[in-house]
Amino acid sequence: LASRDFHPENTVIQIGDVKIGGGELVVMGGPCAVESAEQIDEIARLVKAAGGQVLRGGAFKPRTGPYSFQGVGVEGLIMMAEAGKKHGLLTITEVMTPEYVDICAEYADILQIGTRNMQNFDLLRKLGTCGRPVLLKRGFSATYDELLNAAEYILAGGNPDVMLCERGIRTFESYTRNTLDLAAIPALQSLSHLPVISDPSHGTGRRELVEPMAKASVAAGADGLIIEMHTDPDNSMTGDGVQSLFPDQFAGLLRDLEQLSPIV
Ligand code: PEP
Ligand code: MN
């Protein structure tokens, strides 16, 4: 079902008046993690003012170590839903386990599957009936074929609204956190009809590389971007402050992107 042979036309996912995969660039911005109602409200205001359409933020965080901050949980879903509604933004949040799919789907407009869960098959099956579009991140060691097979689980379960996300893969390079595989963008678009979103934040792990790789992703044909932005990145509650843009950088990037691709 994910293959372009089966479905030659591009899939366009419409949520409210935002169309993903319809030729206009969609920008999702926000913190790695929801930290407080004030934090997510202020960041939502800045995402909207910059011209973004979707507020990102994790309420449940998949952390490499068990003692790291794990997210604020259901409270964070509520805070983010309120901020999104107040500022006129759609919301996207990560769901990590099948048990939490229903509550995440109740509060968020798009469900995000993280790189570490790309092959969590019970979770993928549950997304088939969640009633929300899904952004499926590529596993950091997954091939295109493995990513498309993971998407297939969701599609086969009855949910046609799947976006693929290139978020960087593990290579021998250690200067960057991951290696953003730009070729994945046109390659996945030729193999599949599903929209392809690029994540230059996790794809580089370095703030100064986010802007050039965001622009390169758009030049390569990405249907959208998901970018971390924080009002106080140096004091953010996850380690991802080092890759988060400052609000003025985020706004400047979106202004530049408008020259490359219309943002509606
Ligand atoms: C995130 O978007 O904050 C995240 C945890 O992403 P990934 O699953 O790509 O590491
Ligand atoms: Mn993050």
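**Figure 1. The right-handed crossing of helices H8 and H9.** In this predicted model, the crossing of H8 and H9 is right-handed, a crossing being right-handed if the near helix is turned clockwise from the far one by less than a right angle and left-handed if anticlockwise. The axes of H8 (residues 207–219) and H9 (residues 247–260) come within 11 Å and cross at roughly 25°, and the two helices are therefore roughly parallel to each other, a term that applies to angles under 35 degrees, whereas angles over 145 count as roughly antiparallel, 65 to 115 as roughly perpendicular and the rest as oblique. Axes are lines fitted to C-alpha atoms, for helices over the stretch in contact, with angles from 0 to 180 degrees between N-to-C directions; helices (H or I, at least four residues) and strands (E, at least two) are DSSP runs numbered from the N terminus. On the H8 side the contact is made by Glu211, Ala214, Lys215, Val218 and Ala219, and on the H9 side by Gln249, Leu253, Asp256, Leu257 and Leu260, where contact requires C-beta atoms, placed from the backbone, within 7 Å of each other. These contact residues divide into six nonpolar, one polar and three charged (nonpolar: Ala, Val, Leu, Ile, Met, Phe, Trp, Tyr, Cys and Pro; charged: Asp, Glu, Lys and Arg; polar: the others, Gly among them).

Residues are numbered from 1 along each chain as its sequence is written, while chains are lettered from A and ligands numbered from 1 in the order in which they are written. Because the model is predicted, local features need pLDDT of at least 70 and side-chain atom pairs count only at pLDDT 80 or more, whereas totals for chains, interfaces and linings use all residues.

**Figure 2. Ala216 in helix H8.** Ala216, which lies in H8, is partly exposed, with 16 other C-beta atoms within 10 Å (buried means 20 or more such atoms within 10 Å, exposed 12 or fewer, and partly exposed in between, with C-beta atoms placed from the backbone). Its C-alpha atom is separated by 9.9 Å from that of Ser198, 18 residues apart along the chain.

Figure 3. H1 contributes Ala37, Ile40, Asp41, Ala44, Arg45 and Lys48 to the contact, and H2 contributes Met79, Met80, Ala83, Gly84, Lys86 and His87; together they divide into six nonpolar, two polar and four charged residues. Arg45 of H1 is partly exposed, with 17 other C-beta atoms within 10 Å.

Figure 4. Cys32 is found in the loop between strand S3 (26–30) and H1 and is buried, with 26 other C-beta atoms within 10 Å. Not counting residues up to four places away in sequence, Cys32 touches Gly58, Glu228, Ser236, Thr238, Asp240 and Ser244.

**Figure 5. Asn117 in the loop between S6 and H4.** Asn117 lies between strand S6 (110–113) and helix H4 (121–127) and counts as buried, with 21 C-beta neighbours inside 10 Å. Asn117 touches Met96 and Leu123, residues up to four places away in sequence not being counted.

Technical notes:
Two residues are in contact if their C-beta atoms, placed from the backbone, lie within 7 Å.
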